[in-house]
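Here are my notes for anyone opening this structure for the first time. Have the model on screen as you read, and take the points in order.

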Amino acid sequence: MSSPLSAAITKKDLIAGIVYDIGFAISKKVKQLEVDTAQKHNAIVACGGGMQSSVLPQIIANLTQKRVLIFSDFKEPSILGCLKVIEEKLHGSASNIERKIEFEYLPQSSGSLMQAYREWNEIGIGLKQI
């Protein structure tokens, strides 16, 4: 987009652009991890603030064609991660907590989303060449 931005662009448009950029970047990293590790998984476990919206995990599910799972106790992943490290250091292993899936996003086919992802990726490749 050139500057100054058009008056037709709303706050909603800018926020949507940011959410899609994040979803596209995460999806690209997931795909690259599969190539780098030669491992395929049928689900992605997600956590953090951005995953509290239903839009971002659905974008990731659609682009990766994998289920996106959000567990009920993953709202504060940093604190839970610290607790796990402390438990492992003090007790030798973390407790086996039964995880309850709070949200599950299933992949859906979306040609327009795939086209937007391809265009986003091409722009990124073009920026690297500058």
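1. Start with a term you'll need in a moment. A crossover is called right-handed if, with the strands pointing away from you, the path from the first strand over the helix to the second runs clockwise. Here, strand 1, helix 2 and strand 2 make a right-handed β-α-β unit, so try that view on them and follow the clockwise path.

2. Confidence is highest in helix 2 (residues 55–64), at a mean of 96, and lowest in helix 3 (residues 77–91), at 73. As a rule, where pLDDT is low, the predicted coordinates should not be read in detail.

3. Now the overall layout. The chain has 4 helices and 3 strands, and from the N terminus on they come in the order α-β-α-β-α-β-α. Of its 130 residues, 21% count as buried. Among contacts with a separation of 6 or more, 77% are between residues 24 or more positions apart.

4. On to the strands. Strand 1 (residues 43–45) and strand 2 run parallel, joined by 3 bridges; if you want a landmark, Ile-44 has Val-68 in strand 2 as its bridge partner. Strand 2 also pairs with strand 3 (residues 101–105), this time in the antiparallel sense and over 4 bridges. There, look for Ile-70 opposite Phe-103 of strand 3.

5. Take a look at Glu-34, which is found in helix 1 (residues 11–37). Is Glu-34 buried or exposed? Its relative accessibility is 16%, so Glu-34 counts as buried. The side chain of Glu-34 makes a polar contact of 2.5 Å with the side chain of Lys-66. Leaving aside residues up to four places away in sequence, Glu-34 touches Lys-66 along with Gln-39, Lys-40 and His-41.

6. Asn-62 is buried because its relative accessible area is 9%. One polar atom of the Asn-62 side chain lies 2.9 Å from the backbone nitrogen of Gln-108. Again setting aside residues up to four places away in sequence, Asn-62 touches Gln-108, Leu-106, Pro-107 and Leu-113.

7. The structure holds 5 aromatic pairs. One of them is Tyr-20 with Phe-24, an edge-to-face pair with 5.9 Å centre to centre and 70 degrees between the planes. Why are Tyr-20 and Phe-24 about one helical turn apart? Because 4 residues separate their positions in helix 1. Tyr-20 is partly exposed, at 35% relative accessibility, whereas Phe-24 is buried, at 4%. Both belong to one aromatic cluster, together with Tyr-117 and Trp-120.

8. Ala-116 lies in helix 4 (residues 111–128), and it is partly exposed, with a relative accessible area of 31%. Along the chain, Ala-116 and Phe-24 are 92 residues apart, yet their C-alpha atoms are separated by 9.1 Å.

9. Finally, a couple of backbone details to check. Ala-38 is not a glycine, but it has a positive phi of about 55 degrees. Ala-38 sits in the loop between helix 1 and strand 1 and counts as exposed, at 71% relative accessibility. Gln-65 has a positive phi as well, near 55 degrees, and is likewise a residue other than glycine. Where do you find Gln-65? Look in the loop between helix 2 and strand 2.

Key
Residues numbered from 1 in each chain as written. Predicted model: local features only at pLDDT ≥ 70, side-chain atom pairs only at ≥ 80, totals over all residues. Heavy atoms only, no water. pLDDT = per-residue confidence, 0-100. Helix = DSSP H or I, 4+ residues; strand = E, 2+ residues; numbered from the N terminus. Pairing = 2+ DSSP bridges. Buried < 20%, exposed > 50% of the residue type's maximum accessible area, 1.4 Å probe, protein only. Polar contact = N/O pair within 3.5 Å; in protein donor to acceptor, adjacent residues only side chain to side chain. Contact = heavy atoms within 4.5 Å. Phe/Tyr/Trp six-rings, centres within 6.5 Å; stacked < 30°, edge-to-face > 60°.
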